[in-house]
Amino acid sequence: MTKWQQLKLGEIATFVNGYAFKPSDWNDTGIPIIRIQNLTNDNANRNYYNGQLDEKYRVVRGDILISWSATIGVFEWTREDSYLNQHIFKVVFNKLKVNKSFFKYLIKQKINEMLAKVHGSTMKHITKSNFDNIPILLPDINEQDRIARILDKAEEIRTKKKLANEKLDEFLKSTFIDMFGNPVINSKQLPKVKLSDMGTLARGKSKHRPRNAPELLNGPYPLIQTGDVANSGLYLKTYNQTYSEMGLKQSKMWKAGTLCITIAANIAKTSILTFDACFPDSIVGFTNSDKCSIHYIQFWLMFLQAVLEAEAPQSAQKNINLEILNSLELPYPPIEQQNQFAQIVQKVEAQKEKNQKVIEQMDNLFNSLMQQAFNSSL
């Protein structure tokens with residue numbers, strides 16, 4: 001049996017913190033800067049530095065990065081050469097022989113322990129001394145290679161399943177355009193109608209905010225928030241909060257099948273209720289008539305979302321109102337064609353649900369393999 005060596009993180013590698021860029025250093029040209037948002041979201045905006053820094057701040061493809069403030073996570077950089085911003089460590093393997101892939105899994109396995117050591121009330125972070133002193137068990141390089149191969153294969157399989165669902169989402173968007181054209185410019189020159197003529201739009205109700213009246217919460221009635229809608233996908237299947245009887249009295253119960261549309265913070269994000277629920281006045285409910293398909297309206301808004309976001313009035317936060325939604329004009333294809341698209345959506349969503357069950361099984365398997373790997377029993 002391979003012997004695992006008891007060490008501390010600071011004994012196996014050097015962790016170089018990024019450069020403390022100021023907003024005034026940011027530019028539109030030059031070498032890209034890696035901020036935490038660029039690790040967690042490939043589509044996040046990039047800033048650039050038009051100057052020269054010490055090479056220790058340069059990140060190249062294949063480097064391992066660890067964010068240690070606000071978001072605690074480990075990442076492998078796969079993009080162009082960039083400069084590293086503060087609050088992110090670049091891992092330099094200059095002390096012991098370490099398999100990079102094994103190291104990534106080791107850090108993922110230690111993240112919960114790191115989170116227990118975070119400091120700060122507004123900007124949570126782990127201090128360098130606490131980070132360096134986290135105890136770890138490290139096998140020899142041959143055992144690291146073996147474990148990394150097993151975990152890499154399991155990760156590859158579950159990643160493929162997750163990508164399959166993303167491809168299905170892309171398929172639905174391309175199918176919509178094939179059938180109806182680009183809805184923003186009405187490329188198929190379809191007749192136009194007002195959204196208010198296709199169904200009923202009404203804001204949710206919330207006379208009192210739960211933060212000022214906690215007695216409104218923790219009852220039997222599902223309460224949907226804007227974040228639930230924005231992060232749910234096509235269908236809203238879960239909820240994180242509930243109203244009491246008192247909460248229901250100052251609100252309204254919406255029926256399953258209602259299209260929820262956010263009008264504040266996350267503007268024009270949509271999701272279809274799969275259960276009866278209440279929601280606040282930052283969400284509009286759309287209940288359709290027999291003139292349109294709810295799925296057609298949902299995808300039309302999905303394409304229009306970026307336009308509404310860009311044009312939204314801004315006070316304390318960006319928002320749109322019921323009047324704006326009521327007056328929106330949409331291309332209006334034959335209802336039979338809308339229903340045909342709705343059937344395609346339902347079939348694709350059924351396949352995604354099957355895929356999701358496999359993904360959950362793969363996640364459970366991967367977590368089990370991780371436990372075995374770092375209990376030296378794999």
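This is a predicted model: local features need pLDDT of at least 70, side-chain atom pairs count only at pLDDT 80 or more; totals for chains, interfaces and linings use all residues.
1. Start with the largest nonpolar core, which has 36 residues. If you want to find it on screen, pick out Leu259, Ile261, Phe286, Ile297, Trp300, Leu325 and Leu330, the residues with the most contacts inside this core.

2. Where do the residues of this core come from? At least two each are supplied by α4 (141–180), β16 (259–262), β18 (283–288), α7 (294–311) and α9 (335–374). The largest share belongs to α7, with eight residues.

3. Leu325 is a handy one to click on. Leaving aside residues up to four places away in sequence, Leu325 touches Leu195, Leu201, Ile261, Ile263, Val284 and Ile320. Of these partners, Ile261 is also among the residues with the most contacts in the core.

4. Now for α9. After α9 comes Ser376, with a positive phi near 55 degrees.

5. How do α4 and α9 pack? Their axes are 10 Å apart, at an angle of about 170 degrees. Angles over 145 degrees count as roughly antiparallel, so that is how α4 and α9 run relative to each other. Sorted by class, the residues in the contact of α4 with α9 are 24 nonpolar, eight polar and eight charged.

Note on methods
Residues are numbered from 1 along each chain as its sequence is written. Side-chain values use heavy atoms; hydrogens and water are left out. A nonpolar core is a set of buried Ala, Val, Leu, Ile, Met, Phe, Trp, Tyr and Cys residues joined through side-chain atoms within 4.5 Å. Buried means under 20% relative accessible area, exposed over 50%, partly exposed in between (1.4 Å probe, protein chains only). Helices (H or I, at least four residues) and strands (E, at least two) are DSSP runs, numbered from the N terminus. Contact means heavy atoms within 4.5 Å. Axes are lines fitted to C-alpha atoms, for helices over the stretch in contact, and angles run from 0 to 180 degrees between N-to-C directions. Angles under 35 degrees count as roughly parallel, over 145 as roughly antiparallel, 65 to 115 as roughly perpendicular and the rest as oblique. Ala, Val, Leu, Ile, Met, Phe, Trp, Tyr, Cys and Pro count as nonpolar, Asp, Glu, Lys and Arg as charged, and the others, Gly among them, as polar.
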